[in-house]
Amino acid sequence: MRVLAWLVAVMTVAAPQAALAHPHVFIDNRVTLLFADGAVTGFRTEWRFDEIFSEDLLAQYDADADGTFSAAESDQVRDGTLPNLKGFRYFTYAYVGGEDLRQLEPAAFKADIVDGAARFLFTYALPRPVDPRKSKFAVSIYDHEYYVEVLMAATEPLAIEGDAGGCQATVADDPEHAYYEGFVIPQMVAVGCP
């Protein structure tokens with residue numbers, strides 16, 4: 001029930017209360033860019049939650065109390081959290097040539113436990129492949145309400161799967177999309193090619 005309460009709290013934070021907001025949940029994020037024949041076809045995000053929220057998720061969804069999520073328990077996590085996260089675009093913003101792709105729906109989801117931390121894996125397929133030599137591709141993960149703080153992981157924040165044709169990914173601050181009255185600057189993963 002605490003997970004549900006958290007999601008309800010996130011959804012009910014009003015704009016006038018933004019000045020009072022501060023993070024209550026912390027996520028270390030990793031992004032894997034999915035390539036085929038030199039084009040970006042999608043991406044995967046990996047969220048590792050803080051200790052307190054991980055314990056809340058286990059208390060809510062680890063029915064057999066074995067300290068992990070079985071496939072059935074992962075499905076329950078999905079059913080219990082994704083409908084609410086959808087209202088917040090899953091905190092996920094993808095851009096092609098600077099244009100927002102709007103809300104992408106996860107093509108796959110999995111919840112598990114890694115080193116004691118609850119982890120969510122989201123996989124997104126792009127509407128069509130993007131040739132990063134012709135159009136810049138970028139993705140950011142953040143919560144506008146600042147109830148959840150999402151930062152790129154300190155270790156191995158980026159990965160590439162598939163034939164990237166020499167393209168690379170970098171992380172940089174994205175001041176154009178600053179939020180929380182401009183005080184919080186999200187991090188953006190961008191693809192660059194030789």
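Predicted model: local features only at pLDDT ≥ 70, side-chain atom pairs only at ≥ 80, totals over all residues.
Let me start with Phe-49, which counts as buried at 5% relative accessibility, where buried means under 20% relative accessible area, exposed means over 50%, and partly exposed covers what lies in between, using a 1.4 Å probe and protein chains only. Residues are numbered from 1 along each chain as its sequence is written, and side-chain values use heavy atoms, with hydrogens and water left out.

Now to the aromatic rings, where a search of the whole structure finds 18 pairs; rings of Phe, Tyr and Trp (for Trp, the six-membered ring) pair if their centres lie within 6.5 Å, and planes under 30 degrees apart count as stacked, over 60 as edge-to-face and the rest as tilted. For Phe-49 and Phe-120 the ring centres are 4.8 Å apart and the planes stand at 75°, so this pair is edge-to-face. Because Phe-49 sits in strand β2 (residues 39-49) and Phe-120 in strand β6 (residues 117-130), the pair ties together parts that are 71 residues apart in sequence; strands here are DSSP runs (E, at least two residues), numbered from the N terminus.

Phe-120 is itself buried, with a relative accessible area of 2%. The ring of Phe-120 also pairs with that of Phe-109, with centres 5.1 Å apart and planes at 75°, so this pair too is edge-to-face. Phe-109 lies in strand β5 (residues 108-114), 11 residues from Phe-120 in strand β6, and at 14% relative accessibility Phe-109 counts as buried. Ring pairs link these residues into a cluster whose members include Phe-49, Phe-109, Phe-120, Trp-47, Tyr-90 and Phe-137.

Let me turn to the cysteines. The structure holds one disulfide, a term that here means a pair of cysteine sulfur atoms within 2.5 Å. The disulfide is formed by Cys-167 and Cys-193, whose sulfur atoms are 2.0 Å apart, and the torsion about their S-S bond is about 100°, so the disulfide is right-handed. Cys-167 lies in the loop between β9 (158-161) and β10 (168-173), and Cys-193 in the segment after β11 (187-192), so the pair ties together parts that are 26 residues apart in sequence. Cys-167 counts as buried at 5% relative accessibility, whereas Cys-193 is partly exposed, with a relative accessible area of 26%.

Technical notes: Helix = DSSP H or I, 4+ residues; strand = E, 2+ residues; numbered from the N terminus.
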